[in-house]
Amino acid sequence: MDLAPILSDIEALCGAPLSARGAGSDTVLTVPPAKARAAVEFLKAKHGFNVLVDLTCVDYQGFGKGTQNVSPAPEGRRFKLVYRLMALDAGTGLIKARLALDSWVDGESVPATIKDLFPAADWLEREVWDMFGVRFADRPDVKRILMYPEFTGHPLRKDYPIKKRQPLIGPADASARERLSPADLRPRIVE
Amino acid sequence: MSQDRRESRSYMLNMGPAHPAMHGVVRLVLKLEGERVLQSEAEIGYLHRAFEKHAENDPWNNVIPWTDRLNYVSPLINNAGYCMAVEKLAKIAVPERAQYLRVASSEISRITDHLTCVGANAMELGSFTAFLYLIQAREELYRCIDALCGARVTTSYTRVGGVKGDMPADWPAMVRAAFEKVRSAVKDADGLLTKNRIFVDRTRGVGILSKETALAYGITGPMLRSTGVPYDVRRAEPYLVYDRLDFEVPVGMAGDNFDRYLVRLAEIDQSMRIVEQCFAQLPAGPIQAPDDAMPGSKMADLGKHGKTAELLDTAAAVDPVLEGGARCGRDSVMADAPASTLPPKEETYGSIEGLMRHFEIIMWGRGITPPAGEAYVAVEGGNGELGFHVVSDGKDRAWRVRVRPPCFFNMAGLHKMLEGGAVADVVATFGSINMIAGELDR
Amino acid sequence: MEQDLSAPGILTSQLDQAIGWARKYSIFQYPFVTACCGMEFMSVACSHYDIDRFGAGFPRFSPRQADVLMVVGTISHKIAPVLRRIYDQMAAPKWVVAFGVCTCTGGFYDNYATVQGIDTILPVDLYIPGCPPRPETVLEGLMLLQKKIQAQGRRA
């Protein structure tokens with residue numbers, strides 16, 4: 001499928017020129033967060049993008065620090081949502097087109113949910129909230145999906161330390177206890 | 001009034017996370033009216049192990065062992081998928097022999113996946129014998145995987161730019177012998193199940209998934225194919241060398257548990273076909289290299305001692321599996337070290353150059369550094385489209401690795417298959433979707 | 001009947017031995033299977049490696065009926081209370097097997113989500129390291145556990 005008319009349609013929808021990257025099945029289009037839902041809806045209704053392949057988030061805090069020619073996130077926006085769509089021909093099982101939409105949000109913004117367009121987004125949006133703390137609008141019921149309700153913070157944010165544990169039971173910091181020696185690679189009985 | 005009484009009779013049933021019929025840790029909260037399931041909600045996350053966080057905190061190559069443990073029933077497919085995503089980002093070309101080995105090993109892994117799923121599903125429906133037969137067949141394949149990469153389950157076989165090592169010389173014969181056993185076990189299980197009244201009654205027409213629901217929930221893999229949509233990443237977007245291999249994409253019609261079972265059985269056959277074609281087409285490797293060829297490390301050793309004269313007419317034995325990938329990608333990989341792949345273990349332990357190269361790849365701050373950018377690669381996992389979305393900022397480790405776990409989507413749509421059915425069918429349906437917690441929760 | 005049976009130690013120790021002998025060959029295990037190790041647990045439990053040769057082939061999925069808790073696979077903080085509860089529900093005497101390195105120490109999952117060894121939340125009798133342990137290792141571990149059960153006889 002030729003993506004050029006689709007891209008110009010979405011540009012018209014967003015009312016601004018959009019930057020597209022990549023080609024073919026790797027095409028990525030950056031849309032403003034306020035228009036992300038409209039763009040997804042439009043792609044589904046008009047161009048047969050019938051499968052939401054993925055919806056995820058990337059935290060760009062500190063991105064490109066210490067390297068040259070890597071541009072940090074635009075306008076100080078911290079998170080990038082990635083909507084990955086696919087137009088699948090259900091008869092032949094072949095892919096007509098793949099398209100990813102990027103949408104930059106900051107920690108405070110609440111992008112519109114696409115749960116009603118793609119039920120698959122229900123869990124994905126919960127995961128994005130759980131892991132990154134990006135909340136979607138019109139979802140009063142949003143709750144954690146991978147972590148437990150008692151957990152505070154959002155573990156995939158760059159400022160969440162990988163070893164910061166919040167156990168429900170047991171010691172808060174288990175690394176201080178006596179450990180098995182790595183050399184002890186045989187089954188071992190403890191008296 | 002009567003309506004009120006009816007509603008008051010509905011009650012909640014909690015299945016899991018530790019439930020005899022729920023392999024894997026997941027919790028289903030069911031709202032029941034008598035035996036009928038009114039509503040079902042799945043609670044997941046009991047095996048969240050922070051794969052994506054670890055992937056951001058370790059060098060590119062060191063993430064591979066974690067990928068084994070995503071879908072631990074078919075780890076070789078995860079290995080290949082992750083490495084392909086990194087290779088796409090770094091524009092590393094993988095030598096053909098390695099591509100064939102990746103395909104062959106992935107397909108063997110797919111067979112183990114389907115054997116386990118069909119076996120466990122049958123066991124939960126009371127057919128323990130079929131389970132024993134199929135796991136026995138899986139054992140034969142585990143031996144082949146063990147011979148290939150030294151581990152039965154946690155394989156870590158691929159490397160960025162290639163694979164860990166070449167296959168043993170007698171591996172094709174070993175795999176073919178194992179396939180004979182798989183065929184006979186599948187035949188036995190087929191005989192025990194496909195026309196078995198109990199099994200058919202409990203699976204046919206149960207847990208029906210419509211084509212539309214499957215697409216809306218992003219369900220892929222055998223589950224989508226059981227509804228009649230022949231979507232298979234291997235066919236739709238052939239990666240590695242799948243475009244040179246002849247295989248069919250089996251589809252079902254009804255989208256029920258029975259069709260999912262049949263699709264998986266048929267895919268086992270197709271995967272065996274693919275592996276056999278791989279062996280037939282496998283391009284020549286170091287096994288067929290001329291006798292006077294010399295390993296690169298030995299040449300370097302001789303060169304250091306000034307014995308260059310005897311090297312003049314000697315061909316360099318380049319391992320196409322590993323060295324080839326390094327050479328192809330050298331220009332586009334901005335690494336301190338020219339090589340992008342790990343040396344073979346023999347080199348690592350046998351020569352100082354090999355050891356140094358190993359450390360150059362493994363140590364923090366070294367190793368491959370793909371240019372800043374993003375890449376998404378989808379492979380056909382045991383449960384459907386397994387996608388790896390990698391983001392790099394040009395450093396030695398990933399900025400973000402996102403796994404698109406097929407199970408996650410299958411589980412999100414599970415309630416559509418359960419609601420309206422009987423509570424006893426929850427077990428049959430849940431078994432047929434092959435939930436793998438490692439992949440679901442990551 | 002010349003022997004003085006009321007002398008302390010003789011009869012009780014023999015009874016303990018008999019009980020230990022009976023117990024070690026009739027292990028009712030509760031497989032708490034969460035992750036990758038489950039694949040090797042299946043291998044051990046099925047016909048090829050056949051854990052039944054050691055009298056431990058009978059999984060009980062009710063903690064009330066089990067006497068060995070096999071913790072197979074990574075334990076996350078989310079599931080830790082569930083595991084603890086199952087342990088508490090088991091009747092004494094009971095033994096706990098940490099199957100796989102994740103349950104021994106947390107393995108290489110040293111992160112916010114994973115319990116760093118189940119011995120931080122419940123007492124462990126046998127550690128079987130390996131990621132996952134090969135079936136042979138599991139069988140060796142099982143024989144060690146049988147030794148322990150035999151030696152202990154009764155355990156409070």
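By class, 29 nonpolar, 10 polar and three charged residues make up the lining of the largest pocket in this predicted model (nonpolar: Ala, Val, Leu, Ile, Met, Phe, Trp, Tyr, Cys and Pro; charged: Asp, Glu, Lys and Arg; polar: the others, Gly among them). This pocket holds about 880 Å³ of space (an open set of points on a 1 Å grid where a 1.4 Å probe fits, with protein on both sides within 12 Å along at least five of seven lines; lining residues have an atom within 4 Å of a point). Of its 42 lining residues, Met123(B), Val33(C), Phe41(C), Met42(C) and Phe61(C) are the closest to its centre. At least two lining residues each come from helices H5 (96-124) and H6 (128-149) of chain B, and from strand S1 (28-33) and helix H2 (37-45) of chain C.

Turning to the cores, the largest nonpolar core counts 208 residues (buried Ala, Val, Leu, Ile, Met, Phe, Trp, Tyr and Cys joined through side-chain atoms within 4.5 Å; buried means under 20% relative accessible area with a 1.4 Å probe, protein chains only). H6(B) gives the most to this core, with 11 residues. Ile10(A) is among the residues with the most contacts inside the core. A second, separate core of 21 residues includes Phe41(C), Ala56(C), Leu142(C) and Leu145(C).

Leu142(C) and Leu145(C) are also among the buried residues of H5(C).

As a predicted model, local features need pLDDT of at least 70 and side-chain atom pairs pLDDT 80 or more, while totals for chains, interfaces and linings use all residues. Residues are numbered from 1 along each chain as its sequence is written, chains are lettered from A in the order in which they are written, and side-chain values use heavy atoms, without hydrogens and water.

Note on methods
Points joined across faces, edges and corners; volume = space filled by probe spheres on them. Helix = DSSP H or I, 4+ residues; strand = E, 2+ residues; numbered from the N terminus. Buried < 20%, exposed > 50% of the residue type's maximum accessible area, 1.4 Å probe, protein only.
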